Amino acid sequence: MDNSPPTSEDLQRLRATIEELTARLHSEQKSHYEDLHEFAYAVSHDLREPLRIVSSYTQLLDRRYRAALDGEAQEFMQYILDAVTRMDRLLADLLTYSHQFRASGQVLAPVDAEAALAGVLLTLEKAIHESRAEITHDPLPSVPVDFNQLSQLFRQLIANAITFRGTEAPCIHISAAEQDESVLFSVRDNGIGIEPRFHEQIFGVFKRLHGREYPGSGIGLAICKRIVEQHGGKIWVESEAGQGATFRFTFPN
């Protein structure tokens, strides 16, 4: 058995082997991402097209034959339209969920979290106005995160806070605190809150606590979790039933 120390040539060959394996892994990973995106798009498009046809022809039947239909038949047609709308929303959210990937080793430049939040508030302007929501925020730092995914994260958490509101108008506050190796963001609301026993369950795919009482597909928080974890952070909720909720998530700085 040769116990002699490795030579510089041995180390160079080992380094070259590691670099080759790393490059191959990144290439295969990128290929898998592309295949997944293509599959998700094809499934979503192919399934949503028949839904649009069902919806269009149901509405056409309603317009042409409403006078000849009794109340029960009209109610059945509304059931069809509601089911189609829910399925279309579900497929759209599944497509969004499947796209929350980024290649490992990708270097991200810092982006302005306040700019991302400002854009989200513009897109949610109608919902904010209709719910009379008050949204405030502290100064937010720049973080090395994909801008679109950070926007998606803010949008989902704020939209949830508006949806799951109590009897009072929503009050939502976004803050951030820089820690040793990360930035801790918090999104606090005064909504209906979440029982502690559901704090982990809500981040799973298709996990809905309120049935059809509130709109949604049950994928939104799973999207948030995937975005945060893809960037090496963590997300959790602090809440009690009837006492609002604070969603916290970290990103490495």
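This is a predicted model: local features need pLDDT of at least 70, side-chain atom pairs count only at pLDDT 80 or more; totals for chains, interfaces and linings use all residues.
Next I looked up the pairing as a whole. S5 and S7 run antiparallel to each other and are joined over eight bridges. S5 covers residues 182-189, and Ser186 has its place there.

I then turned to Ser186 itself. Is Ser186 buried or exposed? I noted a relative accessible area of 6% for Ser186; the cut-off for buried is under 20%, so Ser186 counts as buried.

I listed the contacts of Ser186, leaving aside neighbours within four places in sequence. They are His173, Ile174 and Ser175, together with Thr246, Phe247 and Arg248. Which of these residues has a side chain in polar contact with the side chain of Ser186? I found Arg248, at 2.5 Å.

I went on to the other pairing of S7. Strand S6, residues 235-239, pairs with S7 in the antiparallel sense, over five bridges. Within this pairing I recorded Val237, whose bridge partner in S7 is Phe247. Phe247 is also among the contacts of Ser186.

Last, I looked up the burial of S7, residues 245-252. Six of its eight residues are buried, and S7 is therefore largely enclosed by the rest of the structure.

Key: Residues are numbered from 1 along each chain as its sequence is written. Side-chain values use heavy atoms; hydrogens and water are left out. Helices (H or I, at least four residues) and strands (E, at least two) are DSSP runs, numbered from the N terminus. Buried means under 20% relative accessible area, exposed over 50%, partly exposed in between (1.4 Å probe, protein chains only). A polar contact is a pair of N or O atoms within 3.5 Å; within protein, one must be able to donate a hydrogen and the other to accept it, and residues adjacent in sequence count only if both atoms are side-chain atoms. Contact means heavy atoms within 4.5 Å. Two strands pair if DSSP finds at least two bridges between them.
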